[in-house]
Amino acid sequence: MKEIILRKINNEDIMLLTTWLKKEYILKWYHEPDEWLTEINERHSTYSWIHHFIVMNENIPIGFCQYYDCFDANDLEDWYSVARKNDTFSIDYLIGNEAYLGKGYGKAIVRLLTNTIKEKEQAKQIIVQPDKENLPSNNVLLSNGYIFDKQKDYFYKLLD
């Protein structure tokens, strides 16, 4: 497996991301592609607080990921409530290029995204709530040291 990098998303990526979001195996977990695309298209205004990336393996785009301060999304989410800015972040990730599925890239994406937040933000923790039946995503989180909190019904990772 080659090293992956995160590259800020740009306008040229929108068509590729649209194709990925409409793939059956992604639609299963990312139900509303138009909502995702609205966030991407409004990334310089309404959703400027979300950090969007294309995952690159050498010169090949293989996936998409993002992270955000949960405080900024309090009004948009119903699975958590955060009282302070710069405390708790969340992530989303997907592999859009099928050739990279089942080869450890999901684990690498979550590791890189987690390390990016740790290095660039003052976050104390990252929380994530993938669908319970999305076993590959749940296993990727567990393999990156995330812990499932049964009471809160989400995964978390404390950042040192």
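Here are some exercises on this predicted model, each with a worked solution.

Residues are numbered from 1 along each chain as its sequence is written, and side-chain values use heavy atoms, with hydrogens and water left out. As for confidence, local features need pLDDT of at least 70 and side-chain atom pairs count only at pLDDT 80 or more, while totals for chains, interfaces and linings use all residues.

**Exercise 1. Work out the order of the elements and the overall dimensions of the chain.**

Start with the secondary structure: it comes to 5 helices and 7 strands. Helices (H or I, at least four residues) and strands (E, at least two) are DSSP runs, numbered from the N terminus. Now walk along from the N terminus, and you get β-α-α-α-β-β-β-α-β-α-β-β.

Next comes size. The C-alpha trace spans about 40 × 35 × 30 Å along its principal axes. For 160 residues, a compact globule would have a radius of gyration near 15 Å, and the chain agrees, with 15 Å. (That radius is taken over C-alpha atoms, and the globule rule is 2.2 Å times the number of residues to the power 0.38.)

Of the 160 residues, 49% count as buried. Buried means under 20% relative accessible area, exposed over 50%, and partly exposed in between (1.4 Å probe, protein chains only).

Finally, check the contacts, meaning heavy atoms within 4.5 Å. Of those with a separation of 6 or more, 62% link residues 24 or more positions apart.

**Exercise 2. Find the largest nonpolar core and say which elements build it.**

A nonpolar core is a set of buried Ala, Val, Leu, Ile, Met, Phe, Trp, Tyr and Cys residues joined through side-chain atoms within 4.5 Å. The largest has 26 residues, and Cys65, Ile91, Tyr93, Ile117, Leu141 and Tyr146 have the most contacts inside it. At least two residues each come from β1 (4–8), β2 (50–57), β3 (60–69), β4 (88–95), α4 (105–120), β5 (125–128) and α5. Top contributor is α4, with 6 residues. A second, separate core has 14 residues, including Leu17, Trp36, Leu37 and Ile54.

Zoom in on Leu141. Neighbours within four places in sequence aside, Leu141 contacts Ile91, Tyr93, Val110, Val128, Pro130, Tyr146 and Phe155. The background: in soluble globular proteins, nonpolar side chains tend to be buried together.

**Exercise 3. Check the span of α4 and list its buried residues.**

First, the span: α4 has 16 residues and reaches 22 Å from first C-alpha to last, close to the 22 Å expected at 1.5 Å a residue. The expected figure is 1.5 Å times one less than the number of residues. Second, the buried set: Tyr105, Gly106, Ala108, Ile109, Val110, Leu113, Thr114, Thr116 and Ile117. To read that list, recall that an α-helix has 3.6 residues a turn, so residues three or four places apart point the same way.

**Exercise 4. Locate Glu58 and Asn86, and give their phi values.**

Glu58, in the loop between β2 and β3, has a positive phi of about 55° although it is not a glycine. Asn86 lies in the loop between β3 and β4, and its phi is near 65°, also positive in a residue other than glycine. Asn86 is partly exposed, at 29% relative accessibility.
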